[in-house]
Amino acid sequence: MDITIAYQRAIQKYHLKYLALYHALRDGILNGSLAGGTRLPSSRDLAVMYGISRGSVKEAYDMLLAEGYVDSVVGKGTFVMEQTAMLPGESPIDQQNQNPPFAKQKAPALSAWGQRIMQIERGRDLQSSPASATDRDGTQQALISFQAGEVVLEGSSQIAWKSAMAAAGKDLQKPSADSTTASVSGDEWLREAICHHVGRTRGITAHPDQVVLCSGSMEVITLLCQLLIDEQDQIILENPCYSGIYRAVTASGGQIQAAELDQQGIVPQDWDSKLLFVTPGRQFPTGAVLPLARRQHILQWAISKGAWIIEDDYDSEFRWEGRPIEPLKALDRADCVIYVGSFSKSMFSSLRLGFAILPVELAQALTAAKRLYDPLPPARLEQRALARFMMRGDFVRHLRRMTRIYRSRYDVFQREIQQLSELFHWHQNDCGLHAYAIWKHESAQYHHLMQTARFYGVTWRDAVDYQLTPGPPSACFIFAHLTEQQIIEGFNRLRHAWDSIKNQ
């Protein structure tokens with residue numbers, strides 16, 4: 001079918017063909033000219049209609065699909081999703097063009113928390129810019145992204161996980177598996193398995209009553225911020241740090257105090273605060289490992305101030321050499337450390353399970369806060385399956401297997417980045433799934449390289465989002481989701497991009 005969208009107007013604003021097509025289609029859906037249920041043209045037909053490549057059309061359709069504007073049905077086509085509830089026989093255009101019988105009322109003001117959330121969201125929108133992978137002829141090539149990617153189970157790990165899921169399904173169909181009596185803090189088998197795992201691999205002694213499971217580590221961090229931060233509290237964050245922590249603290253009304261970092265991680269100070277966020281096992285994003293003396297210094301500071309330390313151990317499961325220093329939680333004798341972990345990187349990306357290990361009283365408070373959002377524990381099937389996966393030893397075998405695979409990819413990655421030493425100062429790591437680098441030249445050249453590299457079909461994560469105060473341009477390269485050949489090809493494209501800039 002033929003459709004009419006404001007593509008020419010969009011191309012003047014967005015320049016990139018796939019991005020212009022995405023916005024033109026999106027605007028048509030939102031303003032009602034493309035009504036819910038409308039079948040969109042095939043990628044071939046739409047490409048011919050607007051004189052662009054099928055790759056551009058597919059990329060625009062994929063973006064609309066990911067954001068819920070369209071639905072794709074195999075063998076039938078791509079259809080516009082319903083965007084708003086309508087009266088019978090009423091179309092979105094009818095809704096838009098109706099003259100309301102009464103003047104539109106001003107929306108009620110959001111709370112201070114709500115206003116902060118919206119301000120943070122506007123900041124995220126300004127920073128987000130989809131990357132293009134377009135060559136000089138305007139045809140599409142496969143994008144190699146060092147930004148992020150889907151980590152999936154493969155081989156024997158996948159077989160063992162399917163077995164665990166099947167067994168978990170049988171467990172939860174038993175008469176005794178009543179969801180109304182399930183603990184909000186999470187599956188009791190999994191909490192016990194976590195205690196056993198961190199005891200063996202981290203030296204942390206914990207009881208299942210101290211463990212609370214959530215939908216990813218960010219839910220843990222956000223709930224802890226709401227529980228522990230009052231308006232205008234001074235909160236200590238590493239600089240740079242994970243931007244999700246910054247947003248959670250800001251939304252809760254906390255005032256950020258940036259802590260200095262050096263090559264060994266956070267530099268302890270006599271901070272006037274009751275809460276510190278820290279990543280001692282592998283500082284995010286720099287990868288620095290905090291030495292034992294500084295860990296002990298930080299613990300003494302928390303005791304003297306009566307403060308909490310939230311320790312985020314996000315990806316130190318994968319080590320290439322040496323042994324990790326004991327986590328703060330393992331050294332903690334005053335119960336002032338809250339340990340936060342996740343399975344999204346150690347298992348697979350879509351397994352949204354995070355956990356906290358904390359004093360029993362605070363665990364009860366965290367469970368009560370979680371009950372407001374989730375009166376019943378979420379992902380019960382996945383929680384029980386993961387418990388079985390860990391208790392049968394499959395998790396340890398999976399980590400060993402993936403460590404071998406990631407180590408091989410890391411070796412290739414390290415070899416390739418050494419050839420770009422004229423561009424970046426690389427931080428060497430003995431564990432983890434990404435590398436951090438500081439740009440050696442002018443800021444304008446860095447942004448020019450990012451744009452040119454996109455033109456050649458390779459992207460990475462701009463680390464400016466992690467900086468609490470202005471600093472030199474820096475980058476994060478995530479490699480675990482890429483094959484060795486993709487890593488090599490990605491750096492080849494990056495070198496070609498830099499060569500093209502030098503030859504201009």
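Modeller: Two strands pair if DSSP finds at least two bridges between them. The model is predicted.

Biologist: Which residue is the bridge partner of L276 in β11?

Modeller: Strand β10 covers residues 275-278, and four bridges join β10 to β11, residues 308-312. The two strands run parallel. In β11, the bridge partner of L276 is I309.

Biologist: Which strands stand at the edges of the open five-stranded sheet?

Modeller: The order in this sheet is β4-β16-β17-β15-β14, with mixed pairing. Each edge strand has a single partner strand, so one side of it is left without a neighbour in the sheet. The edge strands are β4 (144-146) and β14 (424-426).

Biologist: Which residue in β15 is the bridge partner of F424?

Modeller: β14 is joined to β15, residues 434-439, by three bridges. These two strands run antiparallel. The bridge partner of F424 in β15 is W439.

Biologist: At about what angle does helix α17 run to β4?

Modeller: Helix α17 spans residues 484-502 and lies across β4, β15, β16 (458-462) and β17 (474-478). Its angle to β4 is about 90 degrees.

Biologist: How far apart are the end C-alpha atoms of helix α7?

Modeller: Helix α7 has 18 residues, 155-172. At 1.5 Å a residue, it should span 26 Å. The distance between its end C-alpha atoms agrees with this, at 26 Å.

Biologist: Which helices do the buried residues of α7 pack against?

Modeller: The buried residues of α7 are S157, A160, W161, A164, A167, A168, G169 and D171. They pack against α8 (188-202), α14 (380-391) and α15 (394-417).

Biologist: Does I256 count as buried, partly exposed or exposed, and why?

Modeller: I256 is in strand β7, residues 255-259, and touches residues including I235, Y246 and L468. Buried means under 20% relative accessible area and exposed means over 50%. The relative accessibility of I256 is 28%, so I256 counts as partly exposed.

Conventions. Residues are numbered from 1 along each chain as its sequence is written. This is a predicted model: local features need pLDDT of at least 70, side-chain atom pairs count only at pLDDT 80 or more; totals for chains, interfaces and linings use all residues. Side-chain values use heavy atoms; hydrogens and water are left out. The expected span of a helix is 1.5 Å times one less than its number of residues. Buried means under 20% relative accessible area, exposed over 50%, partly exposed in between (1.4 Å probe, protein chains only). Contact means heavy atoms within 4.5 Å. Axes are lines fitted to C-alpha atoms, for helices over the stretch in contact, and angles run from 0 to 180 degrees between N-to-C directions. Lists of a residue's contacts leave out its neighbours within four places in sequence.
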